[in-house]
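Please open the model in your viewer and follow the selections below in turn.

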Amino acid sequence: MAEVLLSKVRKNYNPAILKDTLRNINLDIKDGDFIVFVGPSGCGKSTLLRMIAGLEDITDGDLLIDGKRVNDVPPSERNIGMVFQSYALYPHMTVFDNMAFGLKLKHMDKKEILRRVVQAADVLGLEAFLERKPKALSGGQRQRVAIGRCIVQNPSVFLFDEPLSNLDAALRVKMRLEIAKLHQELNATIIYVTHDQVEAMTLADKICVLSPLRPSAESNLEQFGSPLELYNHPVNLFVAGFIGSPKMNFLKGEIVSISEEKCTVKLITGEKVTACVNATRGKVGDSIILGVRPEHLLTKNIDAADGGKVTAKVIVTENLGAEFYVYMDSGASEVGSDFTVKSDSELEVVAGDEFSVGIPAAACYLFDAEGIAFPRTQVYKRS
Ligand code: ADP
Ligand code: MG
């Protein structure tokens, strides 16, 4: 098992145009951690994973595995196992042979190969399928064979690049649970890439949020922390908008009063909202963005809400049975973005209605004009 340390890692695919893909990536990954790299498509997640695997050069910075700098160590000597989105099994080989193939190439003792394959099959629930060919397996079983191929190598670090994105939604949920179980059983260091923030929230000990690198930005590592740290204390608008589903609502306004515990803002609609936020580094009149999550808005006893209330026009509602969503148009929202309410029960509203919701002060997030979060002084707990 292993620790992985990245220090000031940079990647530039084409030095001629000075455009970095990744910049100033610092990560300290502890032995046994389940780390998820998440971010929109094209932000460099696969690139970062491939650099750790040794499949891609590191332009600048250091990569250490168990304290040893491995920038120039070939992939085969890094003791890393990688599972890709397309699992590319050998179609003419049985499940057993698919898993054994890499070990045979290494001329491993037959008994040891048998032991490892049987053990991996046991962990993955593939014992009954060892003699089958891949075409006689479901998508989920094939993906498990691909993971098995990796497990038998006994790597110190597992790298997964969007391993579930080719599976249908139900199977993705099932495999997600299996991967979580696998982590508990193997106790291995896992680095897992996904663009799906739900996968990130459910699997990770720590999430690394990446964004597409802006030319002037110091880094595109936006935040590295536990799922709840990111949910409760996103450092900026990017992380706040990326973590959580449905997405956090953002409303434009300006500061009207500040204390160490609370800040009151006036939205551009004129509505006043009080947030449990320390905005003392800002001043009255500053433009801000107020954030509040759809699941924290109150639809009952709204006049009792200590943060205030907001009224908006209903555009559409969605009833999912267990959840009810109302998508609204607030004059304080960014053009083109909705103001969303998530409720546990059906609400008596239809498109075109004016609908008011209550805001708990402790549920608010506040961001300055640059999108940097002010520290929250409380964290909201739903009653
Ligand atoms: P992600 O996995 O987050 O979707 P990638 O790491 O695949 O993103 O790609 C990040 C950026 O690097 C993209 O803009 C992509 O076009 C670019 N890129 C990826 N691979 C190469 C390559 N081999 N040569 C040049 N540019 C590349
Ligand atoms: Mg990718």
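Begin where the two domains meet: 6 residues of domain 1 are in contact, meaning heavy atoms within 4.5 Å, with 7 residues of domain 2. To colour them, select 4-238 as domain 1 and 247-367 as domain 2, bounds that come from an automatic or database domain assignment. The model is predicted, so local features need pLDDT of at least 70 and side-chain atom pairs count only at pLDDT 80 or more, while totals for chains, interfaces and linings use all residues. Residues are numbered from 1 along each chain as its sequence is written, and side-chain values use heavy atoms, with hydrogens and water left out.

Next, show the surface between the domains, where about 530 Å² is buried, 64% of it from carbon and sulfur atoms; this is the accessible area (1.4 Å probe) that the two parts lose on being put together, summed over both. Select Tyr 231, Pro 234 and Leu 237 in domain 1, which lose the most area to domain 2 and together make up 88% of what that side buries.

Now turn to polar atoms: across this interface there are 4 residue pairs in polar contact, both residues at pLDDT 80 or more, a polar contact being a pair of N or O atoms within 3.5 Å, of which one must be able to donate a hydrogen and the other to accept it, with residues adjacent in sequence counting only if both atoms are side-chain atoms. Then select helix 7 (residues 227-232), which gives the most to the side of domain 1 that touches domain 2, with 3 residues; helices here are DSSP runs (H or I, at least four residues), numbered from the N terminus.

Technical notes
Chains are lettered from A and ligands numbered from 1 in the order in which they are written. Helices (H or I, at least four residues) and strands (E, at least two) are DSSP runs, numbered from the N terminus.
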